[in-house]
Amino acid sequence: MKGIVLAGGSGTRLHPLTQVVSKQLLPVYDKPMVYYPISVLMLAGIREVLLITTPADLPLFQRLLGDGSQFGIEISYAEQPEPNGLAEAFVIGADFVGDDPVALVLGDNIFYGQGFSGILQQCVRDLDGCTLFGYPVRDPERYGVGEVDDEGRLVSIVEKPTEPKSNMAITGLYFYDNDVVDIAKGLSPSVRGELEITDVNLAYLREGRARLTSLGRGFAWLDTGTHDSLVEAGQFVQVLEHRQGVRIACLEEIALRMGYISADDCYELGARLAKSGYGQYVMDIARRVGA
């Protein structure tokens, strides 16, 4: 499976913070926001990643992440000059996807939960059509909402329903078979002038090939689209890391534990950041694993 991180947009809800830099390069506590969605793809076992962003921000992401080889993955880049909808990612990334299935994760979404990697890898293995990830919320009328039958198959998807049939919001993480490229290419822009991801999901729903995997109790799903949610996400990460002594979305550690890099490689990456607590943590992990 290939992976796409969509890190475009203008981040207007975060102005003036995002007037000169991409939202996905802002810090969420101790690391850039984009680390979190990349970590999701890595935990799913995905090693070929396309990062889509604006022409102005692309060089900054390249400076931060390079070609990904330091993490044992391959990162390539593409431009989305205008925010023309999430589904445009599959049109822009068609050559990258090729004949493979693909995961799309939004660059401002943060996921955390015990056993998440196992769930993701199982969903990759069992993929038949599309798999969406749902999260129970208090205010489902603010989200796209999925309704499922007893077997977990999606019955309906409704954007911002006035009378939600469930409290299961559809998150910014999507797994698709290769049909998604042709489906996206065949879409017409919505009244907003965008290629809507919901229209992609509805195409799979009509064919009976859409499933919803629930990320329920014990999981956290955060987006960081407002000033308040950005602060709350940073506080969430800070509390967990301080309490548990682990680092969420530490790409160096994930690469090491997934077998993408060696303990020596990991230690060297940490040594480059040795003056920060993050770098010290990476070096400590490398020492413990390599001992």
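Predicted model: local features only at pLDDT ≥ 70, side-chain atom pairs only at ≥ 80, totals over all residues.
Q: OK, so where does Asp-30 fall, buried, exposed or partly exposed?
A: Asp-30 has a relative accessibility of 22%, and it therefore counts as partly exposed.

Q: And which side chain does Asp-30 meet in a salt bridge?
A: The side chain of Asp-30 pairs with that of Lys-31, at 2.5 Å from N to O, and Lys-31 counts as buried because its relative accessibility is 3%.

Q: Which residues are linked with Asp-30 and Lys-31 in a network?
A: Glu-241 and Arg-247 are linked with Asp-30 and Lys-31 in a network of salt bridges.

Q: Switching topic, how many salt bridges are there?
A: The count comes to 15 salt bridges, and among them is one in which the side chains of Arg-192 and Glu-196 meet at 2.8 Å, N to O.

Q: Is Arg-192 buried or exposed, and what about Glu-196?
A: Arg-192 counts as exposed, with 56% relative accessibility, whereas Glu-196, at 15%, counts as buried.

Q: What about Glu-268, which residue does its side chain meet?
A: The side chain of Glu-268 forms a salt bridge with that of Arg-272, with an N to O distance of 3.2 Å.

Q: Why does Arg-272 count as exposed?
A: Arg-272 counts as exposed because its relative accessibility is 57%, and the cut-off for exposed is over 50%; Glu-268, with a relative accessible area of 43%, is partly exposed.

Definitions and conventions
Residues numbered from 1 in each chain as written. Heavy atoms only, no water. Salt bridge = Lys/Arg side-chain N within 4 Å of Asp/Glu carboxyl O. Buried < 20%, exposed > 50% of the residue type's maximum accessible area, 1.4 Å probe, protein only.
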